[in-house]
Structure formats: structure tokens, C-alpha cells
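This briefing concerns the helical architecture of one protein model. Please consult the sequence and the structure shown here.

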Amino acid sequence: MFAYRELVRNLVLKELKLKYRGSLLGFLWSLINPLSMVAIYTLAFKYIIGVRQPGFVFFILLGIMAWTFFANGAMMSTGALVDSGALIKAVRFPRAVLPIATALFCLTQYLLTIVALLPLMFLLFRPPVAGPMLLFPIVLALQVTFVAGVSLVLAAATAFFRDVRHFVEIGLSLMFWTTPIVYPIAQVPEWLRPVILLSPMSPFVIAYQRIFYYGQWPEPLVWAAAGVYGVGTFAVGLWWFLSLEPRIGEQLL
């Protein structure tokens, strides 16, 4: 796969150019979506429901940004192969390049959003600057491997069953509420917390909240879950994709 890094880079750049081509606001659209979600949830949970948690906007933004990275990667991966039939027929290359490029494109958007919004959140809410923030690259690397693994699974599955796209939409809607994005994990009953950690995005969201919002080291159980989901999903996804790759071409005719 490393031998095709130039192809991956060109695919990511192509998606970035297509996304913002002809747009007056360009990259600003990537900021408007998380900001609008923050505004809506702040209005709902702080002023209507009455949540009085300090810096709640910053807390919820951390989860929304991480979730958007994952959700975009999952949805876009369902079209990584079926929408690239002409390229697959014209050029010989490992088909796994396409879903991995999709995951890296979503990663690029995530990083651009973080660079723009995270400093603003620090200026507004002044969270404690602490050593655990140095763990961000490790948490991010685990989430990238997780999203890449999910992308491989969904891209291959959609090549055989087009209904996968619709199931993904439903699954993401359900998974959002089983992930502690709009509520702290501390408010979940203790007996239910291990169940919440079973939701694939939970350990990543909790880890981001711990290191940036609370300035604390994530618990060993959070690390274990993030490691299993990150490394395990990528390994399973790559195996699944490679096992189906010989038959993918005929599904795109």
C-alpha cells in the first residue's frame, strides 16, 4: 500500500478540490456544520433542558468533531468503490486504496476543523493545559485506523449489497445517542458505563474529552477499548476487503 502513496495523495487532493470547487465560502462550510450543531445543542441542553455544566460548548464540540470525522468516513466509504467503477476498470491498482483515501480525506477535513476551532475554544473557555493533551496524536492515530477499517468493510459490503448505504444511515443515527457526545459519561449509571464503551466511537470521544476538557489521563478501560476498536477493526477490515477483492470488479460491471 505504501507504494501507492502518491495515488492516495492525489485522490485526497482531488476530493478536496471537488468539495470546495465553485463555492464562495470554501473551507468555511466545514466550520459552519460543527458550529451550527454546537449552537443547536447548546440551545437545547443549556437553555431549554437546563444543563449548567461549565464550558459545555467546548465539551460537546470535542465529541461532535470526532463524530463528524467518523460519520463522514462511514457514509463516504459506501460509495468509494461503486462510484469509482470507471477508474477501477481503467487503471490497475489495489482496490483498498479507494476506501483508505476516503478515510484520509475525512481525516484532512477533521484536522483543518481542529486547527480552526480548537484554539478558539481554548481562548473562550480556558480549559486546563495539562500533560495528557500530549496524548492527542495517539488517540487520533487509533481513531484513524478505526475509521480506515470501517471504510474497508463498508466499501466492500456496498459493492455486493447496495442497501448497505441505507443501513449505515440508520446505524449512525442510533450510534450517535449511544456515544457520550451530548452527555458526560459520568452521568451514566456505573453499571451501564461498560455497555456505553461497547459503542465503537465511545472510547475515542471519551479520550478526547479527558485530555482536552478535563486535562486528565484516560482510564485503562478507555485505552483498551480504543486499542481494540482501532487496531482490531483495521485488521478485520483489511482481511475482509482482501478476501472479497477478486470478486469486487465483477460487481461493478
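The model is predicted: local features require pLDDT of at least 70 and side-chain atom pairs pLDDT 80 or more, whereas totals for chains, interfaces and linings use all residues. Residues are numbered from 1 along each chain as its sequence is written, and side-chain values use heavy atoms, without hydrogens and water.

**Overall fold**
- The protein contains 10 helices and zero strands, taken as DSSP runs (H or I, at least four residues, for helices; E, at least two, for strands) numbered from the N terminus.
- Of its 253 residues, 50% are buried, that is, under 20% relative accessible area with a 1.4 Å probe, protein chains only.

**Helix α3**
- Helix α3 (residues 56-77) reaches 32 Å between its first and last C-alpha, close to the expected 32 Å, where the expected span is 1.5 Å times one less than the number of residues.
- In α3, 19 of the 22 residues are buried.

**Helix α5**
- The 29 residues of α5 should span 42 Å at 1.5 Å a residue, and because its end C-alpha atoms lie 40 Å apart, the two values agree.
- R126, which follows α5, has a positive phi near 45 degrees.

**Packing of α5 and α6**
- Helices α5 (residues 97-125) and α6 (residues 136-160) pack at about 145 degrees with axes 8 Å apart; axes are lines fitted to C-alpha atoms over the stretch in contact, and angles run from 0 to 180 degrees between N-to-C directions.
- The contact (heavy atoms within 4.5 Å) involves residues including I100, L107 and I114 of α5 and L140, V144 and L152 of α6.
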